[in-house]
Structures are given as C-alpha cells and as structure tokens.
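Q: Please take a close look at a single part of this structure. Start with the overall picture, then go residue by residue.

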Amino acid sequence: MYIETTVVGSIAGRMHPNPLVAARQTTSRVWWSDARTKYRLFVSQLVIDECLAGDPDAATERVDELIAIPRLQITDAASNLADALMNGKAIPESEPRDALHIGIAAVHGIQYLVTWNFKHIANATLRDRINSVCRDSGHEPPVICTPEEIAGMSDDALDTD
C-alpha cells in the first residue's frame, strides 16, 4: 500500500474542529495502529516533502510516523506517467504532485493507494480516466481507496504479499 500525504496528515496532529474531518482522523488513526504491522506500506520522498511543509512541530510529528516506512523511488517512468495522467486529463495540470503519487504507485506495482484526497485522486469521476491512462502507459493502476475502505475489507480480500 502506498500511503499518500493526506493520510499521514490525518494520523498526526491535533483533531480538527470540523466533525467530518475529525471522523476521518479517527478512522485513520485506528487503521494506522494495525496497518503498520498488518500490511506492506510504502511512501515516497514526495510524501516526506509534503509532510515537512507547514508548522515545524506538526511536520516533525508527521515525518516521525514514517520513519520505519520504506520509500519508493521517484523514477523517470513515474514522472512520465504523471505527465501522461495530466495530459490525458485524468489529473488537472495544476496538480502535478497528485499525478506523481499515482505514477509512483503504479510504476512500482503497488496494489493500493490510500488517500483522503477526494478532489483529484479518490475521485469517482476521474477514476476511469486514471485507470485508462495507467493501462495505456503499460502500468496496472493501483486501487485508490481511503483508510475507511481498507479497514472495511476482510483479510482474505487483501493480498498482503
């Protein structure tokens, strides 16, 4: 599983005053407590860089959650796939980092990309385009889902190898 930055932001830091965001944070934290030992998790330097942005104390807390998580390389193939996602209108050109998260996961053969980014990644109206562009570029797209969706799946449904 590739853990996108929005998930890390939900597991670290103070609870948000918005009840919907706070519920996502709680879901993420419960899921994260099991996920680190239950699944093969990955991040990239892009996730680390995004986690380092903002308040220094919060950034440290976010990055501390990722110390033991292996990092996937940002390869030319991942960057090329990100470009293809934007050129194919699967991800807006204004969001190259969102496209790169998908590119990294797909190029490395990651089965699941876990995110709370509904605007450009876990977006039902973009999902078919994302999948098509990935496949047209020779890569199987990851299943894009939230921690809540993964938490609701049975262990038999997940290939943890």
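A: Residues 24 or more positions apart account for 70% of the chain's contacts with a separation of 6 or more. Contact here means heavy atoms within 4.5 Å. The model is predicted: local features need pLDDT of at least 70, side-chain atom pairs count only at pLDDT 80 or more, and totals for chains, interfaces and linings use all residues. Residues are numbered from 1 along each chain as its sequence is written, and side-chain values use heavy atoms, with hydrogens and water left out.

The chain has eight helices and five strands. These are DSSP runs numbered from the N terminus: H or I over at least four residues for helices, E over at least two for strands. Read from the N terminus, the order is β-α-α-β-α-α-β-α-α-β-α-β-α. The radius of gyration is 15 Å, close to the 15 Å that the globule rule gives for 161 residues, so the chain is as compact as a globular protein of that length. That radius is taken over C-alpha atoms, and the rule is 2.2 Å times the number of residues to the power 0.38. Along the principal axes, the C-alpha atoms fill a box of roughly 40 × 40 × 30 Å.

Of the 161 residues, 45% count as buried. Buried means under 20% relative accessible area, exposed means over 50%, and partly exposed lies in between (1.4 Å probe, protein chains only). The chain exposes about 8300 Å², with carbon and sulfur atoms supplying 49% of it. Such areas come from the Shrake-Rupley method with a 1.4 Å probe. There are 14 positive and 23 negative side chains, and the centres of the two sets lie 4 Å apart. Lys and Arg count as positive, Asp and Glu as negative; His and the chain ends are not counted. Each charge is placed at NZ of Lys, CZ of Arg, CG of Asp or CD of Glu.

Now the part itself: the loop between β4 (112-114) and α7 (124-136), where Asn123 is found. Asn123 is buried, at 15% relative accessible area. Its side chain has a polar atom 3.4 Å from the backbone oxygen of Phe118. A polar contact of 2.5 Å also joins the side chains of Asn123 and Thr125. A polar contact is a pair of N or O atoms within 3.5 Å; within protein, one must be able to donate a hydrogen and the other to accept it, and residues adjacent in sequence count only if both atoms are side-chain atoms.

His120 sits in the loop between β4 and α7 too. His120 is buried, with a relative accessible area of 10%. Its side chain makes a polar contact of 3.1 Å with the side chain of Asp98. Setting aside neighbours within four places in sequence, His120 is in contact with Ile91, Pro92, Glu95, Asp98, Leu126 and Ile130.

Phe118 also comes up from the side of α2. Arg24 lies in that helix. Arg24 touches Ser10, Trp116 and Phe118, not counting residues up to four places away in sequence. Arg24 is partly exposed, at 25% relative accessible area. Val21 lies in α2 as well, which spans residues 19-38. Val21 is partly exposed, at 30%. Its C-alpha is 8.4 Å from that of Ser10, eleven residues away in sequence.

Next, the other end of α7. Pro142 lies in the loop between α7 and β5 (143-145). Pro142 is buried, with a relative accessible area of 4%. Its C-alpha is 5.8 Å from that of Leu113, across 29 residues of sequence. Beyond neighbours within four places, Pro142 contacts Ala105, Ala106, Ile110, Gln111, Tyr112, Leu113 and Asn131.

Two further loops complete the view. Lys89 lies between α5 (76-87) and α6 (96-107). Most residues other than glycine have a negative phi. Lys89 has a positive one, near 65 degrees. Lys89 is exposed, at 52% relative accessible area.

Ala12 is in the loop between α1 (5-11) and α2. Ala12 counts as buried, at 6% relative accessibility. Ala12 and Ala58 are 46 residues apart along the chain, with their C-alpha atoms 7.4 Å apart. Leaving out residues up to four places away in sequence, Ala12 touches Arg29, Glu61, Arg62 and Glu65.
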